[in-house]
Amino acid sequence: MTERLYENDSYTVSFDAEAKSVQNGDGVCFVTLDRTFFFPEEGGQSCDRGTINGYPVTDVQIRGGEIIHTVAGQLSEGAKVHGEVDWEYRFRNMQMHSGEHVFSGLVFRYFGYSNVGFHLSENSATMDYNGKLSADDVSMLEEQANRIITEGHAIRAWVPSKEELAGLTYRSKKEIDGDVRLVEIEGVDLCACCVPHVRSTSEIGFLKIVSLENYKGGVRLSYRCGLRALEHYRECLALLGTTGRLLSAKQEDIPATLTKVLEDGRQLSFRLLEAERKLVSGQIRSRFGVDARDAKPLFFLTADPGILRFAMDEAETYFTGICVVMAAQGEGRFRYLMEGDESVAALQKELKGRFGAKGGGASGSVSGSVSASGEALREFFAEHGIQ
Ligand SMILES: [Zn+2]
């Protein structure tokens, strides 16, 4: 069994070991060591990164009680190897994980809720609790957590004897068989945990809740600590900077400027729709002004597809036969609406057969979309006397 050095020492990241077993794969090998500082994926947290003999370690998993390092290179069994854990990545995870303990300890103390889910990887950092928290609750907890962080409480991890454990009250996500590793934040929290932590809450630096959402009867909080919080803060400021430049507005004027832009956009859309309606009305009226009453009309519109219904209603005030209205929806793609008598269903079926059109409808009224050139569609309908 591999000696899990990271359990007693979170800070050493450079070590020598022996490759106990090596299994070669496609461009990689799967290695177990006699001892390792590589934290494997466990407890909802992604594994450490780094190198073994200079080759990247791309994954570290526990399988059958063994820690398997996936190494992008070739190693041989029994070889002396040198491991280097990526300290920057590890330290960020330590800040994040210790921060989670501070926050979850507070949630339990103030509200009695348990941390029932935890995910920490490069792309996500979430904590789930089995009870509801309001935005105000979260603000209060966040402030308390940051006070504890600045107070510099010592953090230690150890495996107590069965007798000692029996006398302790601690938080735990699940029942644990065998040895229980406890992580204590002095005067703040005691929790069963297998993950590397910082030595003092002051090393967490800062904790910020990023989002709060209802989740499985409780809540899910997304959060950042320490250097990841700093990165997130920079990203937020960059986003505000870009938004401000796009709007030609100072940061504090962004909400008012954006509200005005949105309102202007709504007004323009409304005016455009009105103009399109007038245009379509005019087109339809002029067509019926010259065509015989028994013509089967077909209209191609360049207007917003949302105006199809309006165009059909306009057409139907003049006409009672089969009517086809099509609106361009990008290059070579049309929305269509066909109304009149029962025969439009057969017409739609043919349109589907010829052009792979999509759509459905009820008796006498069908609609959908079709990808074809306007010319090909005109020919198709002309064959059916619709033009
Ligand atoms: Zn933990």
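E316 is partly exposed, because its relative accessibility is 33%. On that scale, buried means under 20% relative accessible area, exposed over 50%, and partly exposed in between, with a 1.4 Å probe and protein chains only. E316 lies in helix α6, residues 308-316. Helices here are DSSP runs of H or I with at least four residues, strands are runs of E with at least two, and both are numbered from the N terminus.

What does E316 touch, leaving out residues up to four places away in sequence? R309 and E339. Contact means heavy atoms within 4.5 Å. E316 and E339 are 23 residues apart in sequence, and their C-alpha atoms are 9.0 Å apart in space.

A word on the source. This is a predicted model, where local features need pLDDT of at least 70 and side-chain atom pairs count only at pLDDT 80 or more, while totals for chains, interfaces and linings use all residues. Residues are numbered from 1 along each chain as its sequence is written, and side-chain values use heavy atoms, with hydrogens and water left out.

Now the whole protein. It has 8 helices and 20 strands. Its radius of gyration is 33 Å, well over the 21 Å that the globule rule gives for 387 residues, so the protein is more spread out than a compact globule. That radius is taken over C-alpha atoms, and the rule is 2.2 Å times the number of residues to the power 0.38. The C-alpha trace spans about 100 × 55 × 40 Å along the principal axes.

Of the 387 residues, 42% count as buried. Take the contacts with a separation of 6 or more: residues 24 or more positions apart account for 61% of them. The accessible surface comes to about 20300 Å², and carbon and sulfur atoms hold 51% of that. Those areas come from the Shrake-Rupley method with a 1.4 Å probe; for residues, only the protein chains shown count as cover.

Charges next. There are 43 positive and 56 negative, and their mean positions are 5 Å apart. Lys and Arg count as positive, Asp and Glu as negative; His and the chain ends are not counted. Each charge is placed at NZ of Lys, CZ of Arg, CG of Asp or CD of Glu.

On to helix α8, residues 374-383. L377, F380 and F381 are buried there. Why do they sit on the same side of α8? Because they cover an arc of only 90 degrees around the axis. The arc is that of the directions from the helix axis to the C-beta atoms. On the other side, E375 and E383 are exposed. The cover over the buried residues of α8 includes β16 (298-301), β17 (323-328), β18 (333-339), α7 (343-355) and β20 (365-371). Just after α8, G385 takes a positive phi of about 75 degrees.

Two residues other than glycine also have positive phi. K216 is near 45 degrees. K216 sits in the loop between β14 (207-215) and β15 (218-225), and counts as exposed at 76% relative accessibility. S248 is near 50 degrees. S248 is in the loop between α4 (226-247) and α5 (254-290). With a relative accessible area of 70%, S248 is exposed.

Last stop, H101, in helix α1, residues 87-111. Buried or exposed? H101 counts as buried, because its relative accessibility is 2%. Beyond its neighbours within four places in sequence, H101 contacts R171, V183, I185, D189, C191, C193 and H197.
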